[in-house]
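Subject: Structure handover

Hello,

Here is the structure for your work. My notes follow below it.

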Amino acid sequence: MHALITASTEGIGKGIAKALAKQSFSLVITSRSENKIQQTLQELRKINPAIWGTTSDLTKPESLEKLVNFTLEKLGKIDLLVLNTGNPPREPITFEETTDEDWEYAVKLYLLSAIKLTKLVLPHMIKQKFGRIIYLSSWTVKEPQSIFVLADVARAPLLQLTKILTKDYSKYGITFNTILLGSFNTEGAKKGIKRLSEKRQKTFEQVWKEEVLDRIPIGRIGDPEKDIGNLVLFLYNSDYLTGSYILLDGGNTNAL
Ligand SMILES: NC(=O)c1ccc[n+]([C@@H]2O[C@H](COP(=O)([O-])OP(=O)(O)OC[C@H]3O[C@@H](n4cnc5c(N)ncnc54)[C@H](OP(=O)(O)O)[C@@H]3O)[C@@H](O)[C@H]2O)c1
């Protein structure tokens with residue numbers, strides 16, 4: 001079991017890495033910051049020594065080529081690609097506030113990185129006649145929100161990509177799924193709510209309650225390792241669940 005997890009030195013990606021490390025996966029973790037990689041490696045190697053890390057920037061295609069080469073060199077193969085990302089630096093942001101640069105960054109981060117990494121790992125998965133590709137996205141793709149315009153518009157096509165790849169590559173034993181995430185307890189989520197509270201001139205606690213906690217019927221925010229990690233493991237072990245999206249949101253989303 002050999003996995004590459006992107007954007008995995010904090011938050012959701014790191015939680016998934018921890019869950020997989022505990023199940024004896026060999027892993028490559030990555031993000032832009034060497035410091036965060038070293039800290040995460042130190043933490044995860046206490047659970048499982050078969051973990052490596054290297055820097056990469058999801059918005060830079062040449063850096064993704066290096067990442068896949070590094071992963072193949074360290075792991076020998078890639079059975080599972082979990083495509084997690086960060087967020088555009090100015091999000092939450094409304095359409096009228098966005099610039100051409102914001103859009104370019106968002107499309108590179110959320111969409112082109114998924115296309116590039118999929119193209120890079122597919123030949124290896126085809127050769128070994130096994131693969132799992134999981135894209136991480138958000139519940140707001142189903143219920144678009146003004147303040148997440150960059151993310152919602154840029155990552156929505158991953159659902160189409162999931163379907164099309166399933167049609168073309170199922171014959172090689174490869175599955176494709178997208179997870180639509182609700183609210184998860186991460187520094188990224190807190191940073192976003194902090195910026196939103198400043199814009200709305202409310203306290204962090206007030207906005208966290210209104211925008212996060214009050215919206216979740218089961219009454220708690222998600223835990224990256226436990227809630228997402230378990231779903232990733234389930235998807236890894238299933239050869240029948242493919243071409244789908246799974247809403248993992250504590251019941252938050254209204255849309256059917
Ligand atoms: N948390 C939630 O409630 C929630 C809900 C729905 C969807 N999501 C989505 O889940 C993803 C992860 O969110 P999170 O809350 O875990 O964020 P986070 O706590 O801010 O962690 C983001 C991770 O991504 C890395 N990263 C950021 N930009 C990158 C880039 N250009 N290239 C490579 N790595 C990059 C960061 O490390 P470096 O800074 O070192 O690069 C870090 O490891 C985001 O796309 C977010 O939209 C989150």
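A word on classes before the notes: Ala, Val, Leu, Ile, Met, Phe, Trp, Tyr, Cys and Pro count as nonpolar, Asp, Glu, Lys and Arg as charged, and the others, Gly among them, as polar. Please keep in mind that this is a predicted model.

Ligand shell. On that scheme, the shell around the ligand holds nine nonpolar, 15 polar and five charged residues. There are 29 residues around the ligand, and those that come nearest are A7, G11, S31, G86 and G188. Two or more shell residues come from each of α1 (11-22), β5 (131-138) and α7 (187-200). The ligand lies between domain 1 (2-184 + 223-248) and domain 2 (186-221), because both give residues to its shell.

Helix packing. α7 also packs against helix α8 (residues 204-211), at an angle of about 110 degrees and with the axes 9 Å apart. The two helices are therefore roughly perpendicular. On the α7 side the contact is made by I193, K194, L196, S197 and R200, and on the α8 side by F204, V207, W208 and E211. By class, this contact has five nonpolar, one polar and three charged residues.

L196. This residue of helix α7 has 18 C-beta neighbours inside 10 Å, so it counts as partly exposed; buried would need 20 or more. Leaving out residues up to four places away in sequence, L196 touches P92, I147, V207 and E211. L235 is 39 residues from L196 along the chain, and their C-alpha atoms are separated by 34 Å.

Regards

Key. Residues are numbered from 1 along each chain as its sequence is written. This is a predicted model: local features need pLDDT of at least 70, side-chain atom pairs count only at pLDDT 80 or more; totals for chains, interfaces and linings use all residues. A residue is near a molecule or strand if its C-beta atom, placed from the backbone, lies within 6 Å of it. Helices (H or I, at least four residues) and strands (E, at least two) are DSSP runs, numbered from the N terminus. Domain bounds come from an automatic or database domain assignment. Axes are lines fitted to C-alpha atoms, for helices over the stretch in contact, and angles run from 0 to 180 degrees between N-to-C directions. Angles under 35 degrees count as roughly parallel, over 145 as roughly antiparallel, 65 to 115 as roughly perpendicular and the rest as oblique. Two residues are in contact if their C-beta atoms, placed from the backbone, lie within 7 Å. A residue is buried if 20 or more other C-beta atoms lie within 10 Å of its own, exposed if 12 or fewer, and partly exposed in between; C-beta atoms are placed from the backbone.
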